[in-house]
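Here is a short briefing on one protein model. It covers ring pairs, a helix packing and some backbone exceptions.

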Amino acid sequence: MALRGSEEVEEQMEEAEHSEDRELRVSPAEEMPADGPGEEEPEQLLLPWDRFSAWLHCICVVGFDLELGQAVEVIYPHHSKLTEKEKTSICYLSFPDSNSGCLGDTQFCFRFRQAAGRKSSLGCFLDHFDRDAPVCLKKDQGHFYGYVYFRQVRDKSLKRGYFQKSLVLISKLPYVTFFHSLLKLIAPEYFEKQEPCLEAACNDIDRWPTPSPGKILTLPIMGVVMKLRIPTCYDKPGTSQLVLSTPSDSLVSIVLPTIHEVDLFRCFYPVFFHIQMLWELVLLGEALVVMAPSPAESSDTVLALVSCVAPLRYCSDFRPYFTIHDSEFKEYTTRTQAPPSVILGVTNPFFAKTLQHWPHIIRIGDMKQTGEMAKQMKVKKLKNLKTLDSKPGVYTAYKPFLNKDEEIIKQLQKGVQQKRPSAAQNAILRRYFLELTQSFIIPLERYVASLMPLQKSICPWKSPPQLKPFVQDEFMKTLEKAGPQLTSRLKGDWIGLYRQFLKSPNFDGWFRNRRKEMTQKLEALHLEALCDEDLQLRIQKHTEVETVDLVLKLKDKLTQAEREQLPVRAGTVAKLQAHIESVILTLPEDLQGILHKPVSP
């Protein structure tokens, strides 16, 4: 559903603030905790380098050796651990392909698999903050992100004739805009002053507050102060709480309006007429390759594609920058099986031949806008893609399920003609994608909410009831009266789109997450029902053995509530602990002593 109304920037932004509130989370599992996101308690337990590790895994310097090729020269802090395979990935992904011709300073990002069996010593600590983050901003469980600042300048004193080096931030957090801003401060200083500067930056980061969603964070670095806010899962989709400078912020040099969003309009500009088809391909988890002239344009475009289905999380693999040296190169380019559900960003011309069998190829040209709209309107046939020098466009045989939305195209075209600010064009396109995704996902949310058992079926003395199963045919029947037509003007084969989506990794990931949330809500309601019971009255009918058994079961419920951070009402845990204590006091002293001992994990 596209934006409607005035073209003016102010009105567009006002519309973003006051548009109808469409809650995606229809189950009661999403209630805001009484004490709000991000409690302070774990902060007191932090050891040296814990704060640093909450933001970054490490910082690497990758240089070029004439005999060895690319090599990791420095890892900081020095105690940071990377396997040889991880170091090799970082080496190859931190330099642009030689054909990119990136003279000067270039920034881009990549993503690679972490080694199997790696464990984080901060797992539970970081989970505490991850709980309140939106799905698209949770830490990546199986991958690292690499944020690169690459410098290549002529230097006659070197044998190659060029100085080539990358400063790379390795993190589990997808805060692309934030880390690129951070690199702009650290990297130029590092290239001038070398390792002492790196040590100072790491010490600054280790004094930062932890990345708590919902809080305004002030982060001093290299004599500058950055100010930002990490969004929460309780924020209304499509809105952002502006971080404003106040009179007391005399030291704040940089205020970041977003920590993760890329400029969608700039990224999609070369394939502007196909944005709706690209949204369908990403939604369905189709195999996509982006061929671009540089790692910066490749990584930005892949990140734009992944974010165009927000607030839905893209659950397949994606590689903002992928090279022929990648450890997954053979796995992802084999012709013996269908291409996997992955989005690859590449710059090497070799991929034009290697990935010819892929069903959907996006060719991106130079993103510098000339003021004219892209001329390419038709989808091109795959057989016409011979080399990386082919014209920009989308090469695919895919036929979209939905009819093309001409209104959003006209609206953005008019913005180009009227020289509307890029930020406003980006906001219009981001809202278009958001409303399209919401129109698609709301019927699914509504149906899944109906799978929740009635609250009256929850009995404190029986196990919590089970969720009803998801039945595809039942869901499809609901679309006739409560489908996307209620919120979107787009016509087309919505049913076909849903059928295809239900087979995709994105549906699987979304439904697993919703089922987990709803199961936890049932556990929380069961815990609250137990709290409302008169336990003293109940144990009067119990034998001593039955009373001990009840205490042990209640303690297990408490442990589960704390471990899974169940969404219980404020005071529920404390109330149940008091109930347990009062029951224990009715038992003989020897049993009291045993039951008062802490439960071993």
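The count comes to 42 aromatic pairs; rings of Phe, Tyr and Trp (its six-membered ring) pair if their centres lie within 6.5 Å. The model is predicted: local features need pLDDT of at least 70, side-chain atom pairs count only at pLDDT 80 or more, and totals for chains, interfaces and linings use all residues. Residues are numbered from 1 along each chain as its sequence is written, and side-chain values use heavy atoms, with hydrogens and water left out.

**Aromatic pairs**

- Y145 and Y147 are stacked, at 6.0 Å centre to centre with 10° between the planes. Planes under 30 degrees apart count as stacked, over 60 as edge-to-face and the rest as tilted.
- Y145 is buried at 6% relative accessibility, and Y147 is buried at 0%. Buried means under 20% relative accessible area, exposed over 50%, partly exposed in between (1.4 Å probe, protein chains only).
- F329 and F351 pair edge-to-face, with 5.9 Å between centres and 70° between planes. This pair links distant parts of the chain, 22 residues apart: F329 sits in helix α10 (residues 329-333) and F351 in helix α11 (residues 350-354). Helices are DSSP runs (H or I, at least four residues), strands likewise (E, at least two), numbered from the N terminus.
- Both F329 and F351 are buried.
- A cluster linked by ring pairs includes W279, F440, Y447, F470 and F475. Y498, F501, F507, W510 and F511 also belong to this cluster.

**Packing of α13 and α14**

- Helix α13 (residues 422-449) packs on helix α14 (residues 472-482) at about 120°, with axes 10 Å apart. Axes are lines fitted to C-alpha atoms, for helices over the stretch in contact, and angles run from 0 to 180 degrees between N-to-C directions.
- The two helices are therefore oblique. Angles under 35 degrees count as roughly parallel, over 145 as roughly antiparallel, 65 to 115 as roughly perpendicular and the rest as oblique.
- P443, L444, R446 and Y447 of α13 meet E474, F475, T478, L479 and A482 of α14; contact means heavy atoms within 4.5 Å.

**Backbone exceptions**

- Most residues other than glycine have a negative phi, and most peptide bonds are trans.
- Y76 and P77 are joined by a cis peptide bond, omega about -5°. P77 is in the loop between β2 (69-76) and α3 (84-93).
- Q194, not a glycine, has a positive phi of about 65°. Q194 is partly exposed at 34% relative accessibility.
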